[in-house]
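Here is a friendly walk through a two-chain model, in questions and answers. Keep the viewer open as you read.

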Amino acid sequence: MNSSLKHWFNMQQELTRKAKYMLKRLVTSREALLMLIILVLIGLVAIRFPRFITLSNLAGVFNDTSPLILLAIGQMIVILTKCIDLSVAANLALTGMVVAMINVAAPGVPVVVIIIVAVGLGAVMGAFNGLLVWKLDIPPIVVTLGTMTIFRGIVFLISNGKWVNSHEMTQAFKAFPRYELLGLPMMSWTAIIAVIIFFIVMTRTTLGRSFYAVGGNPHAATYAGINVGRSQFWAFTISGALAGLTGYLWVSRYAVAYVNVAGGFELDVVAACVIGGISIAGGIGSVGGALLGALFLGVIKNALPVINVSPFWQLAISGSAIIIAVALNARSNRNHGRIILKSAENTQ
Amino acid sequence: MKTSERIIPDRLQSPIQRYLKSWETLLLAVAVAIFMANSFASPYFLNAWNLSDATFNFTEKAMIAFAMALLIISGEIDLSVASMIALASTAMGAAVQAGFGTPVLILVGLGTGVICGAFNGILVTRMGLPSIVVTIGTMSLFRGISYIVLGDQAYRGYPSDFTFFGQGYIWWVISFEFVLFLIIAIIYGVILHKTNFGRAIFAIGNNPTGALFSGIRVQRVKFILFLLTGFMSGIAAICLTSRLGSTRPSIAFGWELEIITMVVLGGVNILGGSGSIPGVVIAAFVMGLVTFGLGLLNVPGIVMSIVIGTLLIGVIAMPRIWKMVRSN
C-alpha cells in the first residue's frame, strides 16, 4: 500500500515536471515571445485607437499581410538550406504581368487555369535559380541578384513598359482574391492553407526534414544520404511557386500590373524571416516564425497611419526591428548544449 | 556550403600563362569587345565628351565597390551602402539649411558615413551578428531616417563651390570624379595587394580561425573594413549630392546591388578569400560601358539591367560550365 502510493506520488511528480518543462519551452520559445510582442503592439495601438482591435479590422490586417506571409514561407525554406532568394519580388511581378496579359488576350480562360499557370511559371523561375545553385554551384546570393534584375527586366520587355489596368481585366480574374468564404476573403484563405500545408511538410515529411538537415549540417546531411544540392533546388522551386501564386493574387487584388509591382519587397520578405527567428546561417526556423514575422511587419504597417504616425517612419521602424530581432536571436541561440571546445573566434 | 576541393597542381603554370588565363584578362577582353561593339553601334560613342560623361555612370559606385571588395574578401558584406549615401546626403542637406559652408558639408558627409560604418561594424564584430542580416536592417534604418527627416521634401541650395566635386573638371574632359576614382583605385590596390593589412584580409577570408591563430586581430580588421566602407559611402555621397545638386530620401536607391554586382563581376569570390582591385576596376568600366553604350542606342535602363544581370550570372557560370564540359 505504502509503496504503491509512493509510486503514484512519484509518477505525479514526474508528470508535473514534464508539464512544467513543456510549458516552459512553449512560453520561452521565440514564437511565443514574438506572439506576445505582436499582442502588446496591437494593445498599444488599441489604446490610441480602440477600433483597431475590431475583428473586421484585424481580419483586414491579416488579409493585407497575406502576400508577405506566402513569400515569407518560401523564403524561410530557402534560408533554412543556407541559401537566400532575392528574386521573389521580381518573380511575383513577372508572373503577375504574364497572367494579367493572358487575361487581357484571352478573357475566357478560367481562373483555375490562371492560378495553375501562375504557380507553374513561378516554380519554373524558382527552379532556374535552383538549377544554377545546384548544378553550377554558383553562390545563391549571386544567382538571385542576377535573376532579380533579369526577371524584372523581362516584365518590361513583354509589357513594353505599359500598365495592365483594372478595366482591361475580367471580373472573374479580379474577383477571386476578394471572394469571401466564412467571412474571410480567398486571399487570406490562401495564406492560411499555405501555412497549414507547409507546417505539415516541414514537420511531418522527409522533404521538410531534409531542408533542416541540409541547413543544420550539410556534411552530415550528405553522409545521411541527402542530396544537398537537390534539397536546395526544391527549396528554390517552392519559393518560386509561392511567389508565382502571390503574383496572381497581388495583381488581381490591386487590379493593376506594371513593371515595378512589389519593388523592393524581397527585403521585406527577408526581414519577416529574420524577425521570425529564422537563422540566416541555415537550419533554424519554423513556419510559425515566418508567419509571425510577417504579421509583425503587417501590424506595424497598418498601425502607423491609424495612430497618426507618418508612414515615412515605417522603413526606420522595420529596420530597427530587424536589428533588434537578430540581436535577440543570436543571444538565445548561444550556449545551447555543452561547450566542448571554445571556438577561436570568441576567445580573443 | 559545399565541400570545396583544393587541387594543388604538380607543375606551376608559367607567369604568362597565368596572366592569360586570369579572370582580369577575360574581363578585359569583354571590356574591349563591348567598347568595339559600342563604337560600331553608335556614331556618338567615340567622342571625348561623351566618354567623359559615361564615366559618371560608374565612378561613384566604383569608389564604394573598392571598399566593398575588401569587405567581401574578408567574408563579410555590407548591403547598407546606398542607404548610407542617402543618410550622409540628408545630413549634408540639413547642414546647408543650418547655413554651413562647403568644408563643413564635407566633414558632415564623411562623418555620417564613418558613424554608419562604425554602427555596422560594432553590431557585426562586437555582438557577433551575421553581416548580411545586420546590413539589411541598417539598410532600412539609415534610409528610414532620411525618410523621417525629409518625407517627400528635398534639400536644395547647395553652395556653388560645392558643385566642383560632382561637376568639376581637372583638365579638358578629365573630371574631378574620374581622377578621384583613379587615385582611390591605386590606394586600394596598394592596400590590398602590397601591405600586411591586405594579406590579413585574404587570410581572414580564407580561414578566420587560422588567421586568428596567426596573430591577426580578426575582429579589428573587419571593424576597420566596415569603417572604410562607411567612409567611402560618405565620399560617394559628397560626389553624388554635388552632381545632382539636391537630396531626396530615394537618392542612390538600389545601388547596393549594382555595387555588389560590380565587385562579383570583378572576380571577387562572394564567399570571401580571393579577389583583386584591378579586376574591380575593369568590372567598373565594363558596367559603365554597357550602360552608356545601350543608353546611346536608346535602350531603356530596365533592359540594361537584364544585360547586367545576365553578365553577372554568365561570367560566373562560363568557367564552371567550361570545367564541366572539359571534365566529361
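**Helices, chains and their contact**

Q: At what angle do helix H13 (residues 255–265) of chain B and helix H15 (residues 301–327) of chain B pack?
A: This is a predicted model, so the values here are computed from it. The axes of H13(B) and H15(B) are 10 Å apart. Their packing angle is about 35°.

Q: Which residues of H13(B) meet H15(B), and what is the hand of the crossing?
A: On the H15(B) side, the residues are B:Ile308, B:Leu311, B:Leu312 and B:Val315. They meet B:Thr261, B:Val264 and B:Leu265 of H13(B). As for the hand, the crossing of H13(B) and H15(B) is left-handed.

Q: How do the axes of helix H6 (residues 102–126) of chain B and helix H7 (residues 131–150) of chain B cross, and which residues of H7(B) make the contact?
A: The two axes come within 10 Å and cross at roughly 145°, and H6(B) passes H7(B) in a right-handed crossing. From H6(B), the contact is made by B:Cys116, B:Phe119, B:Asn120, B:Leu123 and B:Val124. From H7(B), it is made by B:Ser131, B:Val134, B:Thr135, B:Thr138 and B:Phe142.

Q: Which element gives the most to the side of chain B that touches chain A?
A: The contact takes 47 residues from chain B and 44 residues from chain A. On the chain B side, H7, helix H11 (208–213), H13 and H15 each supply at least two residues. With 14 residues, the element that gives the most is H7(B).

Q: Is A:Val326 buried or exposed?
A: A:Val326 lies in helix H14 (residues 313–333) of chain A. A residue counts as buried if 20 or more other C-beta atoms lie within 10 Å of its own. A:Val326 has 25 C-beta neighbours inside 10 Å, so this residue counts as buried.

Q: Which residues is A:Val326 in contact with, leaving aside its neighbours within four places in sequence?
A: The C-alpha atoms of A:Val326 and A:Gly277 are separated by 7.4 Å, although these residues are 49 apart along the chain. In chain A, the contact of A:Val326 beyond its sequence neighbours is A:Val274. In chain B, A:Val326 is in contact with B:Leu129, B:Val133, B:Val134 and B:Gly137.

Q: How far apart are the end C-alpha atoms of helix H8 (residues 186–204) of chain A?
A: H8(A) has 19 residues, and at 1.5 Å a residue these should span 27 Å.

Q: Which residues of H8(A) are buried, and what covers them?
A: The buried residues of H8(A) are A:Met186, A:Met187, A:Ser188, A:Thr190, A:Ala191, A:Ala194, A:Phe198 and A:Met202. Their cover includes two strands, E1 (180–181) and E2 (184–185) of chain A. It also includes helices H3 (55–80), H9 (206–216), H11 (228–254) and H13 (287–306) of chain A.

Q: What is the radius of gyration of chain B?
A: The secondary structure of chain B comes to 15 helices and 2 strands. For 328 residues the globule rule gives 20 Å, and chain B is close to this, so it is as compact as a globular protein of that length. Its radius of gyration is 20 Å.

Q: What is the radius of gyration of chain A?
A: Chain A comes to 15 helices and 2 strands, and its C-alpha trace spans about 85 × 55 × 50 Å along the principal axes. With 348 residues, a compact globule would have a radius near 20 Å. The value for chain A agrees with this, at 23 Å.

Q: Which element of chain A has the lowest mean pLDDT?
A: Chain A averages a pLDDT of 86, and 93% of the residues score at least 70. The highest mean among its elements, 94, belongs to H11(A). The lowest, 51, belongs to helix H15 (residues 344–347) of chain A.

Q: Where is A:Asp137, and what is its phi?
A: A:Asp137 lies in the loop between helix H5 (111–135) and helix H6 (140–159) of chain A. With 15 other C-beta atoms within 10 Å, A:Asp137 is partly exposed. Its phi is positive, in a residue other than glycine, and is near 60°.

Technical notes:
Residues are numbered from 1 along each chain as its sequence is written. Chains are lettered from A and ligands numbered from 1 in the order in which they are written. This is a predicted model: local features need pLDDT of at least 70, side-chain atom pairs count only at pLDDT 80 or more; totals for chains, interfaces and linings use all residues. Helices (H or I, at least four residues) and strands (E, at least two) are DSSP runs, numbered from the N terminus. The expected span of a helix is 1.5 Å times one less than its number of residues. A residue is buried if 20 or more other C-beta atoms lie within 10 Å of its own, exposed if 12 or fewer, and partly exposed in between; C-beta atoms are placed from the backbone. Two residues are in contact if their C-beta atoms, placed from the backbone, lie within 7 Å. The radius of gyration is taken over C-alpha atoms; the globule rule is 2.2 Å times the number of residues to the power 0.38. pLDDT is the predictor's confidence in each residue, from 0 to 100. Axes are lines fitted to C-alpha atoms, for helices over the stretch in contact, and angles run from 0 to 180 degrees between N-to-C directions. A crossing is left-handed if the near helix is turned anticlockwise from the far one by less than a right angle, and right-handed if clockwise.
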